[in-house]
Amino acid sequence: MKTAEKISERLRFKDDFEKIEFLADSIQLDILHELADNTDIRKTDIAKKMRVSNSFISQLFSGDKHLSLNHLATLIYHYDLDFKFELRPKDKGKIVRFSDYINESKDAFCKNAESGTKYYASKYKEEETRKISSV
Amino acid sequence: MENKIEKIDIDYIFDIYKELKGSNVEVYIDVENRKEANRIVAFLHGRSERKKFNRILYEILKHRYNDSLYQKVKGFADVAEMRFLGKFFGNARIYCKEITEKGKKVIMVSLLYKSQRTIKDDAETKTAAEKISKLTYTIPK
């Protein structure tokens, strides 16, 4: 086996748990970069506000320690930051809303409002269940 | 003379972050010095080391620098170090050459330094960076 193959083999995630760990680490790095790269806030100031040591901040930036929601809230509060959070299915094309079904076949819906509602409501529920299970 | 290199497959990261495939970053390892390459392989045996290496790869793929993980060596535009700070990792650093050509960025993993001395010990870093900076590679198309 080639050296590079050995390295790839070692680095590859062994299970879902390792994938989730990596995902958590990368989300943390994104948040910290957002803070450090887009503001004038220094790491030493962050440490003071969070009442932690400078080395703790370094460990956060290396992913060795985890950023808690409390840490994040402390930063948002002290630096008067605007925090936006978005969570959505990766495959945006498959997002289906009740209103989409109504627009899709408005005529059919109007013909029999009662049965139409039931039909579309069940389709919507089906789609929602599928989305949740795919996540 | 140019050193022999091998490409490290990082597709497992693209399985999670498909958009990072467009970052145009490729990671290679210098295998000219087998002993040195094997030291890097052995270092990445531990779970913590693997986890940290993947975090470093994430930073690289995002074209970011972070003085706790991956930082350019002062005075060298084309040399960077992967930092495994702390007693647990023995303050290990993996030195890499950064090559940018034809719109792609290549990270050449080259040397592993491990010492209990602090990261601020510049002499060792400078020696490693000078060595790396002189190396030449031909990147396959």
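At roughly what angle do the axes of helix H3 (residues 43-50) of chain A and helix H4 (residues 54-62) of chain A cross? The legends below begin with that view.

This is a predicted model, in which local features need pLDDT of at least 70 and side-chain atom pairs count only at pLDDT 80 or more, while totals for chains, interfaces and linings use all residues. Residues are numbered from 1 along each chain as its sequence is written, and chains are lettered from A and ligands numbered from 1 in the order in which they are written.

**View 1. Helices H3 and H4 of chain A cross at roughly 110 degrees.** Helices (H or I, at least four residues) and strands (E, at least two) are DSSP runs, numbered from the N terminus. The axes of H3(A) and H4(A) come within 9 Å; axes are lines fitted to C-alpha atoms, for helices over the stretch in contact, and angles run from 0 to 180 degrees between N-to-C directions. Angles under 35 degrees count as roughly parallel, over 145 as roughly antiparallel, 65 to 115 as roughly perpendicular and the rest as oblique. A:Lys43, A:Thr44, A:Ile46 and A:Ala47 of H3(A) meet A:Asn54, A:Phe56 and A:Ile57 of H4(A). Residues are in contact if their C-beta atoms, placed from the backbone, lie within 7 Å. This contact is made of 4 nonpolar, 2 polar and 1 charged residues. Ala, Val, Leu, Ile, Met, Phe, Trp, Tyr, Cys and Pro count as nonpolar, Asp, Glu, Lys and Arg as charged, and the others, Gly among them, as polar.

**View 2. Chain B touches chain A through 25 residues of chain B and 23 residues of chain A.** On the chain B side, strand S1 (5-8), helix H2 (34-43) and helix H3 (47-61) each supply at least two residues. H3(B) gives the most, with 7 residues. The chain B side divides into 12 nonpolar, 5 polar and 8 charged residues.

**View 3. Helix H2 (residues 16-38) of chain A crosses H3(B) at roughly 45 degrees.** The two axes come within 10 Å, and the angle makes H2(A) oblique to H3(B). Among the residues that meet are A:Glu21, A:Phe22 and A:Asp25 in H2(A), and B:Lys51, B:Arg55 and B:Tyr58 in H3(B). The contact holds 3 nonpolar, 2 polar and 5 charged residues.

**View 4. Six strands of chain B form an open sheet with mixed pairing.** The strand order is S1-S2-S6-S5-S4-S3. Two strands pair if DSSP finds at least two bridges between them. S1 and strand S3 (70-72) of chain B stand at the edges with a single partner strand each, so one side of each is left without a neighbour in the sheet. S3(B) and strand S4 (residues 79-84) of chain B run antiparallel and are joined by 3 bridges. B:Gln71 has B:Glu81 in S4(B) as its bridge partner.

**View 5. S5(B) and S6(B) pair in the antiparallel sense over 9 bridges.** B:Glu101 stands opposite B:Lys104 in S6(B). The hairpin of these strands has 2 residues between them, and B:Lys102 there takes a positive phi near 50 degrees. S5(B) also pairs with S4(B), again in the antiparallel sense, over 6 bridges. Here B:Val79 stands opposite B:Lys97 in S5(B).

Notes
Contact = placed C-beta atoms within 7 Å.
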